[in-house]
Amino acid sequence: MCQPRCASWRVGAAEMSGPVRTEPARLRGDPGRVRILHQIERKLLWLSAWMVHNANHIRPNRDGLKVGGHQASCASVISIMAALYFEVLRPQDRVAVKPHAGPVFHAINYLLGRQSREKMAGLRQMGGVQPYPSRVKDGPEVDFSTGSVGLGVAMTTFSALMQDYVHLHDLVRSDIPQGRHIAIAGDAELDEGNIYEALLEGWKHDVRDVWWIVDYNRQSLDSVVPDRLFGRIEGLFRDMGWNCVTIKYGRKLEAAFAREGGEDLRRWIDDCPNSLYSALTFQGGAAWRQMLQADLGRSRARAIIDELSDDALGALMTNLGGHDIETLIERLDVADAAGDQPTCFIAYTIKGMGLPFAGHKDNHAGLMTKEQMAEFRAAMGIRPGHEWDIFEGLSVSGSALREFLASCPFAEPLSPDGRSLRAPAIPIPPALFRPKAVGRKLSTQAGFGDILAEIGRGGGEDKPLAQHIVTTSPDVTVSTNLGPWVNRRGIFDRHTRNDVFRDAKLASAQRWGMSPKGQHIELGIAEQNLFLLLGAAGLTHALHGARLLPVGTVYDPFVNRGLDALIYACYQDARFLLVSTPSGLTLAPEGGQHQSINTPLIGMAADRLASFEPAHVDELAILMHHAFEHMQKPDGSAVWLRLSTRQLAQPDRALEPGAVIAGAHWVSPPAEEARIAIAYQGPVAPEAEAAFAVLREEEPGAGLLAITSPDRLHAGWTSALRARRAGNRRARAHIEDIVAPLAPGAALVTVLDGHPASLAWLGAVRGQRVIPLGPDRFGQGGDIPDLYREYEIDIDAILDACAQALLSSGRA
Ligand SMILES: Cc1ncc(C[n+]2csc(CCOP(=O)(O)OP(=O)(O)O)c2C)c(N)n1
Ligand SMILES: [Mg+2]
């Protein structure tokens with residue numbers, strides 16, 4: 001890809017003529033500090049490049065796969081991150097680092113004594129640091145995981161909102177001050193639509209204390225980004241109430257612009273297309289000179305460039321603001337002093353700055369060759385065998401550097417526990433989870449609303465639970481039955497706003513007064529925002545030391561719309577309760593487009609998310625109680641309940657909570673050696689019960705199984721298999737106990753309002769036959785009888801499946 005070219009790392013200011021702008025106030029009169037910052041930039045550039053080089057060229061490669069890494073992406077953001085971490089950040093600030101700057105982030109922690117050499121050397125290897133910063137895998141120094149571009153950036157908006165929330169509700173630890181929520185973003189991240197959804201939502205909620213610092217290298221993965229794009233984007237930020245700070249030129253260029261003819265030079269650069277600028281950067285000083293001489297003609301600007309060597313000219317022309325640490329610190333400081341307005345910094349940079357492929361459009365995944373690395377190493381003054389030494393190759397004494405590092409504000413520990421905070425668990429009184437359902441016809445969705453509204457009364461010993469729940473919904477609060485809870489607990493807003501309808505005494509079932517004490521966060525429709533908010537709310541114990549029990553509701557099919565953000569929230573181990581309703585075909589009159597068939601499979605396949613689908617309200621109550629406890633356990637997870645609007649008669653029975661939580665319980669246990677059982681999940685219970693009544697006339701020993709969670713059943717089964725492989729012969733899964741009474745050759749007819757594969761695996765537990773029912777197509781509107789018939793989950797379909805199973809026993 002790239003021609004080897006000697007890396008010219010920062011030509012000294014002495015070579016440049018003309019005055020340079022004043023330093024940031026904090027550095028004024030402290031040249032030693034500035035010198036050390038420059039040394040740290042050098043060190044970060046070296047370490048990040050070396051980590052990737054080591055992973056690709058030094059470490060043995062067992063499988064021949066490309067290891068990869070992003071030396072150019074790291075190089076462009078060095079000064080920005082150095083300015084932040086070594087001058088501007090305070091311990092309470094929370095940062096999302098652009099995914100491909102992971103090595104720079106780890107190198108910073110290495111300098112601060114918070115990262116080990118072994119993990120650095122193990123980049124992209126088992127046990128080493130991840131390619132992209134990961135809360136779960138890389139430890140507590142990572143505030144927000146990143147990797148799926150755009151999400152980490154937007155996450156900062158929601159974490160700032162949640163910081164306000166816990167402060168305004170007096171839930172925080174008094175020793176943790178409010179911090180800023182900062183995203184260091186790649187410029188291509190701003191192509192992601194979720195960024196703009198978050199901007200709108202942030203504006204609505206008047207979010208403060210957010211900074212997005214865009215590493216504007218005008219390159220993405222494949223190419224150079226179009227010119228003029230950022231003019232548009234800047235306008236968007238301003239329209240959303242953000243301050244927008246463009247950091248375009250460094251001090252050397254500003255000094256040159258101040259000279260006679262300097263304006264011509266500025267105009268030339270301003271007019272230079274991104275792709276030409278990149279190409280010239282890659283080609284170096286001689287190419288700059290040729291182009292400038294041709295274009296500038298007799299302008300007085302010629303005097304500025306003619307006196308410089310090729311290297312010095314290259315350095316001048318690439319002296320962008322994002323590579324000038326003094327300029328960066330100054331601009332960040334000014335914004336800091338200006339208050340808490342959300343601020344977007346557009347810092348002009350060069351992708352690969354200081355490396356041989358600087359500016360080349362193909363450099364995203366480009367790696368330095370061994371020869372280029374040898375040259376770079378020599379320029380950095382690193383002796384072989386000393387690659388990881390912190391003080392190697394620096395023109396600053398070890399003691400001065402140590403003293404500097406110890407004096408950085410960010411080096412202060414945030415708490416005695418470090419960056420990851422803790423909050424005590426909230427007790428969950430079981431008495432609140434006993435809704436009066438028996439004898440009524442109720443849907444699980446209605447039961448959910450009732451239970452939450454009851455908790456919302458919040459008196460006596462129930463008070464802490466009510467106080468720590470926060471609910472949210474993307475414009476489906478009423479239609480998912482959160483209304484009664486909201487009426488009791490109010491809507492959260494940083495500003496008190498009256499309910500106009502209520503004040504005017506206009507009849508409405510919803511009382512929607514807004515105040516800083518409200519406990520429901522009403523979102524616009526964008527589902528990604530729901531999941532990002534649940535992610536942020538589900539981390540408040542770790543980020544703010546305040547325990548929240550977030551509950552979010554959404555229509556089940558639209559989980560798909562926010563799925564990446566949901567997976568992202570779980571990947572960070574955020575703890576929340578997701579309630580998706582209505583679901584399946586059973587939402588019948590809502591239309592074919594709203595039907596969901598893949599969500600049970602998503603629930604099974606999502607890590608750190610325990611998913612359930614109860615049919616009846618007694619099961620739901622057990623699961624809600626479990627959810628609030630499970631969310632708070634160190635080895636717990638987020639929880640997902642898939643609910644329905646179909647009203648079912650509620651049985652009077654005593655359930656074993658452990659079985660409901662483990663995923664299945666016998667409604668009618670089978671006889672020993674029974675030949676068949678029907679297993680149902682969710683709102684198809686009446687069809688399963690009716691079919692079972694008919695079946696039992698022929699097969700008196702048949703069983704009827706209620707499945708509350710294929711996800712938990714499957715997880716229990718695989719974990720028992722794993723434990724037995726590891727030698728624990730006594731390990732047994734709940735589903736193994738469940739199917740134990742059935743004959744070895746028995747058949748299971750499974751039925752759910754979701755993809756049949758969700759339960760088809762049950763036959764593998766004991767090698768039994770399964771006839772799985774459930775829609776694998778969707779899209780036809782109708783009522784339940786028509787739809788259940790069309791998609792073969794009605795009584796007849798279940799009985800046909802039973803007949804098929806019995807008639808062809810052994811060959812079904
Ligand atoms: C959602 C998502 N889509 C695609 C990718 C693959 N990808 C990784 S980085 C990248 C381009 C990033 O460009 P930019 O944000 O400008 O970063 P930088 O130039 O600083 O490397 C792409 C497309 C991804 N990680 N996430
Ligand atoms: Mg870029």
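## Burial and the basis of the model

A residue is called buried when its relative accessible area is under 20%, exposed when it is over 50%, and partly exposed in between, with a 1.4 Å probe and protein chains only. By this definition R259, with a relative accessible area of 24%, is partly exposed.

The model is predicted, and local features need pLDDT of at least 70, while side-chain atom pairs count only at pLDDT 80 or more and totals for chains, interfaces and linings use all residues. Residues are numbered from 1 along each chain as its sequence is written, chains are lettered from A and ligands numbered from 1 in the order in which they are written, and side-chain values use heavy atoms, with hydrogens and water left out.

Strand 19 covers residues 742-752, and because nine of its 11 residues are buried, the strand is largely enclosed by the rest of the structure. Helices (H or I, at least four residues) and strands (E, at least two) are DSSP runs numbered from the N terminus, and two strands pair if DSSP finds at least two bridges between them.

Strand 19 pairs in the parallel sense with strand 17 (residues 674-681) over seven bridges, and in this pairing L742 of strand 19 stands opposite A674. Strand 19 also pairs with strand 20 (residues 769-773), again in the parallel sense, over five bridges, where V770 of strand 20 is the bridge partner of L748.

## Salt bridges

Side chains of opposite charge can pair when their charged atoms come close. With a salt bridge taken as a side-chain nitrogen of Lys or Arg within 4 Å of a carboxyl oxygen of Asp or Glu, the whole structure holds 48 of them.

One of these joins R494 to D164, with the closest N and O atoms 3.3 Å apart. This pair links distant parts of the chain, since R494 lies in the loop between strand 8 (491-492) and helix 22 (500-503) and D164 lies in helix 7 (residues 151-168), 330 residues apart. D164 is buried at a relative accessible area of 6%, whereas R494 is partly exposed at 23%.

R259 forms a salt bridge with E307, the closest N and O atoms being 3.2 Å apart. R259 sits in the loop between helix 10 (251-257) and helix 11 (262-271) and E307 in the loop between helix 14 (301-306) and helix 15 (310-317), so the pair ties together parts that are 48 residues apart in sequence. E307 is partly exposed, at 44% relative accessibility.
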